[in-house]
Amino acid sequence: MNFLRNFLDKQKPKFEKGGKLEKLHSVFTGFESFLFVPNRTTCSGSHIRDAVDLKRTMIVVVMALIPALLFGIYNVGFQHFKAMGLLADTGFCQLFFYGLWKVLPMIVVSYVVGLGIEFAVAQIRGHEINEGFLVSGLLIPMIMPVEAPLWMIAVSTAFAVIIGKEIFGGTGMNIWNPALLARAFFFFSYPAKISGDAVWIADKADGFSGATPLAEAALGNPLPDFATMFWGFIPGSVGETSTFCILLGAVILLLTNVASWRIMLSVFAGGLLMGWLLNVTLPETNVYAHIPAWEHLIMGGFAFGAVFMATDPVTSAQTNKGKWIYGFLLGVMAIIIRVLNPGYPEGMMLAILLMNTFAPLIDWFVVQGNIKRRLKRAKLIAE
């Protein structure tokens with residue numbers, strides 16, 4: 001590492017003011033701060049010092065995503081060889097590396113396009129490059145179909161970064177979760193590439209049914225057993241199938257205080273309560289309404305959205321009471337959309353984007369309520 005540090009120090013004058021590559025200063029500092037802790041410190045004004053910065057926070061989230069990503073890569077190979085009828089003769093390494101061969105290009109495209117745009121915008125504005133896309137760049141391929149054409153992933157990523165993030169001012173200023181915005185753009189622009197059975201399994205054999213549990217329920221077919229859905233040996237997006245691996249990520253986020261336990265808990269509580277209410281109120285003709293309420297929590301993208309998307313600190317509620325309200329309504333809306341809209345059973349994406357929109361309003365009402373209570377208390381004391 002000393003060699004790399006010395007090399008960067010020698011190159012730094014070229015990128016500083018007056019150097020040959022002065023215009024690329026933001027790009028250079030972005031790479032430098034990613035590799036090493038900056039040697040700059042504040043020298044005036046009030047400030048807070050802490051060991052946790054944006055870079056470390058983003059790295060923790062990436063680490064929390066790794067279990068779901070690794071299993072998703074394995075599951076891509078598992079579903080492929082199962083569809084081809086060759087699963088019994090295929091070893092673990094072959095399953096994993098086949099999945100890696102399919103998923104890695106998606107990750108590369110997401111990072112190249114997203115970081116390329118962020119680097120260009122930072123350079124134009126003369127700002128430092130933020131690390132926010134470290135997470136979004138991994139989330140985007142994890143919530144896409146494995147058979148999604150790479151150019152479509154590239155266009156969706158570009159839309160999410162430009163329209164959903166940079167247009168509002170960059171990292172920390174966006175209203176909606178960029179990764180979900182990419183999936184929403186993909187879904188509404190290329191529905192045939194995300195709504196069919198074939199998109200969830202790479203190169204599946206003709207005649208093989210590769211429907212997700214939500215699709216199986218719509219067809220009136222029996223759902224996979226609890227263990228199969230919980231461990232994740234089912235068709236679906238790369239990172240959304242294994243509830244177990246998602247919960248491992250949740251533990252990492254909670255132990256490091258990166259994500260809010262209030263939001264996670266309230267999302268699951270809202271989804272469970274709404275699922276139960278629909279179980280007892282809707283007629284039997286609605287197949288989704290009579291899926292056991294707890295099974296809704298391990299189907300589709302519900303768990304993944306609750307852990308990694310709903311807890312985004314930028315787009316979620318900021319007040320403690322607001323987090324409870326935000327998460328509960330999100331869980332309720334996700335199940336309502338799933339059950340009452342047969343054309344779109346995967347309601348988690350729309351529910352999160354909807355609640356992202358109303359999160360500032362929820363916080364506003366919470367703050368106004370606190371102000372009114374304090375004024376009333378002060379008035380009583382004065383009297």
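**Inside an all-helix predicted model**

Asn 75 sits in helix 3 (residues 54–83), where helices are DSSP runs of H or I with at least four residues, strands are runs of E with at least two, and both are numbered from the N terminus. This is a predicted model, so to speak of local features a pLDDT of at least 70 is needed, side-chain atom pairs count only at pLDDT 80 or more, and totals for chains, interfaces and linings use all residues. Residues are numbered from 1 along each chain as its sequence is written, and side-chain values use heavy atoms, with hydrogens and water left out.

Asn 75 is buried at 5% relative accessibility; buried means under 20% relative accessible area, exposed means over 50%, and partly exposed is in between (1.4 Å probe, protein chains only). Setting aside neighbours within four places in sequence, Asn 75 is in contact with Gly 232, Phe 233, Ile 234 and Thr 241, contact being heavy atoms within 4.5 Å.

Asn 75 also turns up in the lining of a cavity, along with Gly 72, Val 76, Gln 79, Val 146, Trp 200, Ile 234, Pro 235, Gly 236, Ser 237 and Val 238. That is the second largest cavity, with a volume of about 60 Å³. A cavity here is a set of points, on a 1 Å grid over the protein atoms alone, where a 1.4 Å probe fits but cannot get out, and lining residues have an atom within 4 Å of a point. Grid points are joined across faces, edges and corners, and a volume is the space filled by probe spheres set on the points. The lining of this second cavity splits into six nonpolar, five polar and no charged residues. In this scheme Ala, Val, Leu, Ile, Met, Phe, Trp, Tyr, Cys and Pro count as nonpolar, Asp, Glu, Lys and Arg as charged, and the others, Gly among them, as polar.

Across the whole structure, the search finds two cavities of 30 Å³ or more. By class, the lining of the largest cavity has seven nonpolar, two polar and three charged residues.

As for the chain overall, its secondary structure comes to 15 helices and zero strands. Of its 383 residues, 50% count as buried. Among contacts between residues at least 6 apart in sequence, 70% join residues at least 24 apart. The accessible surface is about 19,000 Å², with 68% of it belonging to carbon and sulfur atoms; areas come from the Shrake-Rupley method with a 1.4 Å probe, and for residues only the protein chains shown count as cover.

Helix 5 (residues 133–142) is mostly covered, with 10 of its 10 residues buried. Among them are Phe 133, Ser 136, Gly 137 and Pro 141. Phe 133 is also one of the contacts of Val 161, which touches Gly 114, Ile 117, Glu 118 and Glu 166 as well, leaving aside neighbours within four places in sequence. Val 161 belongs to helix 6 (residues 150–164) and is buried at 1% relative accessibility. The C-alpha atoms of Val 161 and Pro 178 are separated by 6.5 Å, with the two residues 17 apart along the chain.

Asn 257 lies between helix 10 (243–255) and helix 11 (261–281), and at 67% relative accessibility it counts as exposed. Asn 257 has a positive phi of about 60° although it is not a glycine. Most residues other than glycine have a negative phi. Pro 313, in the loop between helix 13 and helix 14 (320–340), is partly exposed at 48%. Its C-alpha atom is 8.5 Å from that of Val 258, 55 residues away along the chain.

Leu 223 is placed in the loop between helix 8 (213–218) and helix 9 (226–231) and is partly exposed, with a relative accessible area of 25%. Not counting residues up to four places away in sequence, Leu 223 touches Pro 213, Ala 217, Ile 291, Glu 295 and Met 299.

Terms used
1 Å grid on protein atoms, 1.4 Å probe; cavity = no way out; pocket = protein on both sides within 12 Å on 5 of 7 lines; lining within 4 Å.
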